[in-house]
Amino acid sequence: MKAAIPCYYHLDVEVSTERTEQVRRILVAHLKHWGLAVLVEPVGYCTGVLLRAIEEHGADKQAVVEMWWNGQHLITAVSDNNRELPQRHYGPQGCLTQIAALSDGWGSCPSTDGKIIWFSRRVRATEHARLSPGTPGPSLREAMQVPRDMPAAVLAGPPV
């Protein structure tokens, strides 16, 4: 079985309404390029939810979006410079509840300047993921045996 090619993407964002949609389109393009089109909707939606929360509640509008693909899981992280996470984000309609519903795992942790919220999606075996190229087979030139130094009559075989 071939192993998937690990991928990483990093994007610094100044969050605004227009930029949120641009970031979503950029992430969609990367996911399609990586062969992960099946993850476009949940990843685009969850990232958009987090960026809109930063836009609404954050004092500092700078954020970082990162995606890691390890061959089985896609981990997406959004970090910002605001340490506080409003309590309403945990409610039934809160952004973290929506992310939990659309991801296989999620979490948050403090960073040196603020916080990081991440979520992961697993690509199942039946879904497509780009595979790493296998070891190339020998070329035709390498596979053919070079004739030894023999007279042409011997190579031609017995007369018919």
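Is Lys61 buried, exposed or partly exposed, and what is its relative accessible area?

1. Lys61 is partly exposed, with a relative accessible area of 27%, and this value, like the others in this note, comes from a predicted model. The residue is found in the loop between H2 and strand E2 (62–69). Leaving aside neighbours within four places in sequence, Lys61 is in contact with Val13, Glu14, Val15, Ile54, Glu55 and Glu56. With Val13 in particular, which is 48 residues apart from Lys61 along the chain, the separation between C-alpha atoms is 8.1 Å.

2. As to the overall arrangement, the protein contains five helices and five strands, which follow one another along the sequence in the pattern β-α-α-β-β-α-β-β-α-α. Of its 160 residues, 36% are buried. If contacts between residues at least 6 apart in sequence are considered, 65% of them join residues at least 24 apart.

3. Helix H1 (residues 17–33) packs against H2 at an angle of about 155 degrees, and the two axes are 9 Å apart. Angles over 145 degrees count as roughly antiparallel, and H1 and H2 are therefore roughly antiparallel to each other; the crossing in which H1 passes H2 is right-handed. On the H1 side the contact is made by Thr17, Thr20, Val23, Arg24, Leu27, Val28, Leu31 and Lys32, and on the H2 side by Val40, Val43, Gly44, Thr47, Gly48, Leu51, Arg52 and Glu55. Sorted by class, the residues of this contact between H1 and H2 are seven nonpolar, five polar and four charged.

4. Thr47, which lies in helix H2, counts as buried because its relative accessibility is 2%, the cut-off for buried being under 20%. Beyond its neighbours within four places in sequence, Thr47 is in contact with Val23, Leu27, Val65, Thr76, Val78 and Phe119; Val23 and Leu27 are among the H1 residues that make the contact with H2. Glu21, by comparison, lies in helix H1 and is partly exposed, with a relative accessible area of 34%. The C-alpha atoms of Glu21 and Gly44, which are 23 residues apart along the chain, are separated by 9.1 Å.

5. H2 also packs with H3, here at an angle of about 165 degrees and with axes 10 Å apart, which makes H2 roughly antiparallel to H3. The crossing of these two helices, H2 and H3, is left-handed. The residues that meet are Pro42, Tyr45, Cys46, Val49, Leu50 and Ala53 in H2 and Cys95, Gln98, Ile99 and Leu102 in H3. By class, the contact of H2 with H3 comprises nine nonpolar residues, one polar residue and no charged residues.

6. Within helix H3 (residues 95–102), the buried residues are Cys95, Leu96 and Ile99. Viewed down the axis of H3, these buried residues fall within an arc of 95 degrees, so they line one face of the helix.

Note on methods:
Residues numbered from 1 in each chain as written. Predicted model: local features only at pLDDT ≥ 70, side-chain atom pairs only at ≥ 80, totals over all residues. Heavy atoms only, no water. Buried < 20%, exposed > 50% of the residue type's maximum accessible area, 1.4 Å probe, protein only. Helix = DSSP H or I, 4+ residues; strand = E, 2+ residues; numbered from the N terminus. Arc of directions from axis to C-beta. Contact = heavy atoms within 4.5 Å. Axes fitted to C-alpha atoms, helices over the stretch in contact; angles between N-to-C directions. Parallel < 35°, antiparallel > 145°, perpendicular 65-115°, else oblique. Left-handed = near helix turned anticlockwise from the far one by under 90°. Nonpolar A, V, L, I, M, F, W, Y, C, P; charged D, E, K, R; others polar.
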